[in-house]
Amino acid sequence: MNSAASPDFKHTVDLAIRHVGRFGLWAITLGGLAFLYLPIAILVVYSFNASRMNAVWRGFTLDWYRSLFAGVTESGVDVTNAQIWDALWNSLWVGGISTVVATILGTLVALALERFRFKGRNALEALLFLPIIIPDITMGISLLVLFSLLFQLLQTVLGVRLVLDLNTVMIGHITFNISYVAVTVRSRIAELDPALEEAAMDLGADELRTFWRVTLPLIFPGILSGALLAFTLSLDDFVITFFTAGVGSTTLPVFVYGMIKLAVTPAINAISTLMLLASLLIVLLSLALQRRST
Amino acid sequence: MNHAIELVNVSKTFRGQNNREFRAIEQLNLQIHDGEFFSLLGPSGCGKTTLLRMIAGFETPTAGEVVIHGEAMRDRPAFHRPVNTVFQNYALFPHLTVAENVAFGLEMDNLPKAQIRSRVGDVLALVKLNGLENRRPRQLSGGQQQRVALARALVKKPQVLLFDEPLGALDLKLRKAMQLELKHMQQQIGITFVYVTHDQEEALTMSNRIAVMSDGHILQVGTPTDIYEEPNCRFVADFIGESNFLIGQVIEQSMGGIVALIDGELTLSVPYEPEIPVGKIITLVIRPEKVTIHPDTSGENHGLRGTVKDVVYIGTDTRFVIQLTSRSELIVRRQNIHHGNLDTFTLGEQVQIRVAPNSIRVLEEGSLSPDIVQDTINTPPKSV
Ligand SMILES: Nc1ncnc2c1ncn2[C@@H]1O[C@H](COP(=O)(O)OP(=O)(O)O)[C@@H](O)[C@H]1O
Ligand SMILES: [Mg+2]
């Protein structure tokens with residue numbers, strides 16, 4: 001019984017070390033999470049702040065959200081809600097169309113790269129990664145230069161006068177989204193067992209029916225997550241939009257930036273919170289789709 | 001007899017990276033009869049899958065013709081060929097249920113819904129999968145997936161069914177059971193099965209005829225008995241079952257038999273009809289189970305003798321390694337019919353060996369090391 005004292009003591013020390021270790025692990029994890037999410041949390045909290053000043057907490061209110069929908073708050077602040085809704089609509093329109101176009105083209109590019117051996121395949125593959133790698137600002141400026149050259153040419157040759165507008169923004173978004181979609185879809189096609197398509201043909205399906213009945217359903221989760229990625233990227237994009245947008249064709253991020261230049265009101269917090277919520281929902285949806293398919 | 005499949009001078013060359021050519025199948029001719037269970041047997045990489053894929057229509061022959069039921073298949077895509085395939089890893093559609101997988105081929109033929117439903121039901125009953133209609137492939141065991149793959153091909157009622165190592169992924173017990181089941185099913189429905197395997201026991205168990213392949217060529221075609229009892233080359237004898245190879249030189253031919261000198265030490269008389277020049281190097285193939293060993297009590301100067309070099313008990317059999325000449329050993333297999341009632345032999349003991357001359361197979365191939373050839377010329381053989 002006496003000799004048991006020493007192992008007991010050792011046991012206590014072990015336990016203590018383990019507790020400290022566990023506490024340390026938690027502390028580091030929480031610290032990291034705080035660093036990542038504290039700014040966002042503050043943004044969300046202050047979107048409910050009754051004070052006009054971001055720094056002081058004056059109690060809970062839904063005024064800023066109300067102002068987005070009603071235009072005028074009890075305190076009489078006009079956040080030019082018609083413009084916000086225009087910008088939001090522009091964002092959704094650009095995001096929607098560019099997503100659809102980029103998804104179709106990106107999927108075709110992915111299929112071509114995975115399934116065919118053709119001249120210039122390696123070059124295409126390298127080019128595909130370019131829009132992902134090069135800085136947004138380079139991409140934005142090059143698009144701007146391209147558009148102005150093109151418009152100048154059209155004007156001198158055909159006498160048609162074109163200006164930057166929502167369509168140019170859309171083309172810009174399509175160019176970078178094709179790459180993201182193609183890369184996402186391609187990894188899905190690479191995982192696809194070629195024997196499955198052979199099995200379909202063996203059972204009497206021609207190329208077209210094999211594609212609709214076997215290939216497409218199996219790579220569809222990849223196409224969908226590519227599309228959701230493209231949509232979020234389009235909604236979030238600031239730099240490329242900034243360079244390719246014309247007067248009166250702003251998207252939500254560009255509009256919010258313009259508002260900040262005038263005054264930082266809690267209404268911006270409210271808009272940002274709503275944008276955060278929308279992005280979160282899309283990402284969750286995409287994750288859920290991917291999980292279901294594997 | 002009708003040919004279900006005929007391969008005429010078929011070659012397949014793959015062009016790999018940096019344009020290097022690789023000949024997977026070379027100038028191959030083969031006829032597969034209607035209604036037979038035919039196996040393509042050979043080691044991994046010998047071209048079995050390539051051959052099967054050319055029949056199915058997934059590869060185009062570089063030269064030659066694939067003929068199915070009298071019709072040349074050139075330019076006929078896989079989806080228009082009267083054959084169906086059971087794939088190596090089953091290739092079941094993961095997004096479809098068992099019933100949908102099986103119905104797929106019938107839907108491609110645009111059959112009416114009611115007919116599809118009844119045929120799917122019938123074939124699922126045939127492969128004993130009733131009740132699993134609504135499962136997805138990943139919710140099935142390996143054996144069940146194998147049955148779905150079989151049902152999916154069978155439901156099309158093809159004239160020829162192709163199998164690419166379909167049992168490779170199953171455990172030994174299940175594999176043995178499925179071998180017999182497939183064989184019985186083939187006898188029952190009477191269609192042609194072309195079966196690719198690298199497992200010689202599997203091929204012997206199931207087939208009416210076997211083609212033994214090596215390096216893109218067919219070495220021998222025949223019934224399991226032909227292939228085992230009368231291999232036409234050393235590769236076949238070595239690949240199918242176990243063999244002893246004794247290399248020797250013909251020193252005499254007379255009356256439908258030859259006398260061969262083994263390793264310049266030992267003479268053997270074996271029956272052999274074809275004309276063969278004296279001096280020709282030959283290989284004698286002796287199956288281990290066709291040899292018996294006996295205590296060397298006779299004292300006669302007659303028959304073969306050797307010394308026991310090794311004894312290995314392996315349950316059903318005991319294997320003896322006998323030193324026959326200074327260069328050659330002979331493996332002998334004895335079935336353990338009785339227990340404790342058999343002759344025992346000790347290491348180093350001299351024993352008598354008996355083998356019926358007509359169970360020794362003569363192959364006109366092989367090479368001797370030069371010093372033995374010298375010996376043969378200079379010194380007369382010992383005795384027999
Ligand atoms: N698509 C291909 N491209 C290049 N070489 C191939 C291709 N398919 C098979 N081969 C080669 O052909 C040979 C035979 O292959 P295969 O028919 O699969 O053999 P087995 O089925 O008998 O194991 C192998 O050496 C393999 O590497
Ligand atoms: Mg193979």
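Which helix of chain A gives the most to the lining of the second largest pocket? Helix 8 of chain A does, with 5 residues. This is a predicted model, in which local features need pLDDT of at least 70, side-chain atom pairs count only at pLDDT 80 or more, and totals for chains, interfaces and linings use all residues. Residues are numbered from 1 along each chain as its sequence is written, chains are lettered from A and ligands numbered from 1 in the order in which they are written, and side-chain values use heavy atoms, with hydrogens and water left out.

**The second largest pocket**

- A pocket is an open set of points on a 1 Å grid over the protein atoms alone, where a 1.4 Å probe fits and protein lies on both sides within 12 Å along at least five of seven lines; lining residues have an atom within 4 Å of a point.
- The second largest pocket holds about 370 Å³ of space, a volume being the space filled by probe spheres set on the points, which are joined across faces, edges and corners.
- Its lining includes Leu111(A), Phe116(A), Pro194(A), Met201(A) and Phe211(A).
- Helix 3 (81-115), helix 7 (194-202) and helix 8 (207-236) of chain A each supply at least two lining residues.

**Chain B as a whole**

- Chain B has 9 helices and 20 strands; helices (H or I, at least four residues) and strands (E, at least two) are DSSP runs, numbered from the N terminus.
- The C-alpha trace of chain B spans about 80 × 50 × 45 Å along its principal axes.
- Of the 384 residues in chain B, 48% are buried, meaning under 20% relative accessible area, with a 1.4 Å probe and protein chains only.

**Helix 2 of chain B**

- Because 9 of the 11 residues of helix 2 (residues 98-108) of chain B are buried, this helix is largely enclosed by the rest of the structure.
- Among the buried residues of helix 2 are Val102(B), Phe104(B) and Leu106(B).
- The buried residues of helix 2 of chain B pack against helix 7 and helix 8 of chain A, and also against helix 3 (113-126) and helix 4 of chain B.

**Val155(B)**

- Val155(B) lies in the loop between helix 4 (142-154) and strand 7 (160-164) of chain B.
- Val155(B) is buried, with a relative accessible area of 3%.
- Beyond its neighbours within four places in sequence, Val155(B) is in contact (heavy atoms within 4.5 Å) with residues including Val102(B) and Leu106(B).

Definitions and conventions. Buried means under 20% relative accessible area, exposed over 50%, partly exposed in between (1.4 Å probe, protein chains only).
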